[in-house]
Amino acid sequence: MADAMIDLRSDTVTRPTDSMRAAMARAEVGDDVYGEDPTVGQLEERVAGLFGHEAALFMPTGSMANVLAVRSLVAPGQEVLCESAAHIARAELGAHGAYSGVTMRTWHHPRGQVDLAMVQTLFAPDMGPFFVPTAAISVENTHNFAGGAVLPLSDLRDLRDFATGVGAAIHMDGARIWNAHVATGTPLREYGAVADVMAVCLSKGLGAPVGSLLVGSRDTVAEARIWRKRMGGGMRQVGILAAAGLHALDHHVERLADDHAHARLLAAACGVDPDGVDTNIVVVPRPDAPDFVARAADAGVRVATVGPTTVRLVTHLGVTRAAAEAAAGVLARLV
Ligand SMILES: Cc1ncc(COP(=O)(O)O)c(C=O)c1O
């Protein structure tokens, strides 16, 4: 019964395809804590190169990649600025404070965008024993809770100029940077060029069962390697998982355009303007969100709430055109 449901709760619910499983089964492996897994090495080198950075580090989750990325830029007692609905602020269970002693101040934008004027207002220089100094600014591209909104490259470049001018670093949570790349045609390198450190995920739209990477300089990655082990994230023969990521990079990037088209279809069915849907996430304001979720499930479509009055639909590899059309029919009736 569960498999007959159309699952739009998240793009993390995908299962590895048969060809991805075959690639995993073929993977050459070694002990990655000894730096001896050739498939992990291949993935790290490839992903670093895609973003024009020196190095990358494979790790289990996007949350761990974000925590290690932010802590590489922000020392205990310093702060990072970010948008108020950023995943690092809202959905990592306070990890940046709990593990890294980092504080956050936020600006708000309904579409998760960079508000440079607000960033300039919030930015705090190091004033010795007075205020928390701002060490970094974090951006999320695409922005999950803002409905998969893309951050335009021009805004990111303006932010880069400001940050460089004041000596702040930039962290990019690029869990869905692939969606931004496909939606806008912006080369991944251009996104890489605005960030000092990035976190990118293979386990969202790309459909790998697990895996994220921190991307940055050789020194940053060397230090993150120590922290990954310290936090219990040293993994052994994980070439088997890295192979899924390499397969996803070969086969699942360009197809994200289908997910974006399906998301627009679902938006229209739910009375949301499809032109406001940049990528694969649709946010539907519903005063009856929990009830709507239950009624959709009864009708065979799983959707999620991301707030008491907000329903979220996410398209992915496991949702075919036919399934998207069927779900749109169901949701249009409920709306
Ligand atoms: C924007 C963003 N960043 C980071 C993460 C964390 O990824 P993980 O679930 O692998 O920890 C997510 C998860 O959905 C996300 O949406």
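Phe123 is buried in this predicted model, with a relative accessible area of 15%; buried denotes under 20% relative accessible area, exposed over 50%, and partly exposed the range in between, for a 1.4 Å probe and protein chains only. Phe162 is likewise buried, at a relative accessible area of 15%. The model is predicted, and local features need pLDDT of at least 70, side-chain atom pairs count only at pLDDT 80 or more, and totals for chains, interfaces and linings use all residues. Residues are numbered from 1 along each chain as its sequence is written, and side-chain values use heavy atoms, with hydrogens and water left out.

Two aromatic pairs are found in a search of the whole structure. Rings of Phe, Tyr and Trp (its six-membered ring) pair if their centres lie within 6.5 Å, and planes under 30 degrees apart count as stacked, over 60 as edge-to-face and the rest as tilted. The ring centres of Phe123 and Phe162 are 5.8 Å apart and the planes stand at 90°, so this pair is edge-to-face. Phe123 lies in the loop between helix H6 (116–122) and strand E5 (134–140), and Phe162 in helix H7 (residues 153–166); the pair, 39 residues apart, links distant parts of the chain. Helices (H or I, at least four residues) and strands (E, at least two) are DSSP runs, numbered from the N terminus.

Glu44, in helix H2 (residues 38–50), is buried, with a relative accessible area of 9%. Leaving aside neighbours within four places in sequence, Glu44 is in contact (heavy atoms within 4.5 Å) with Ala56, Leu57, Phe58, Leu213, Arg225 and Arg228.
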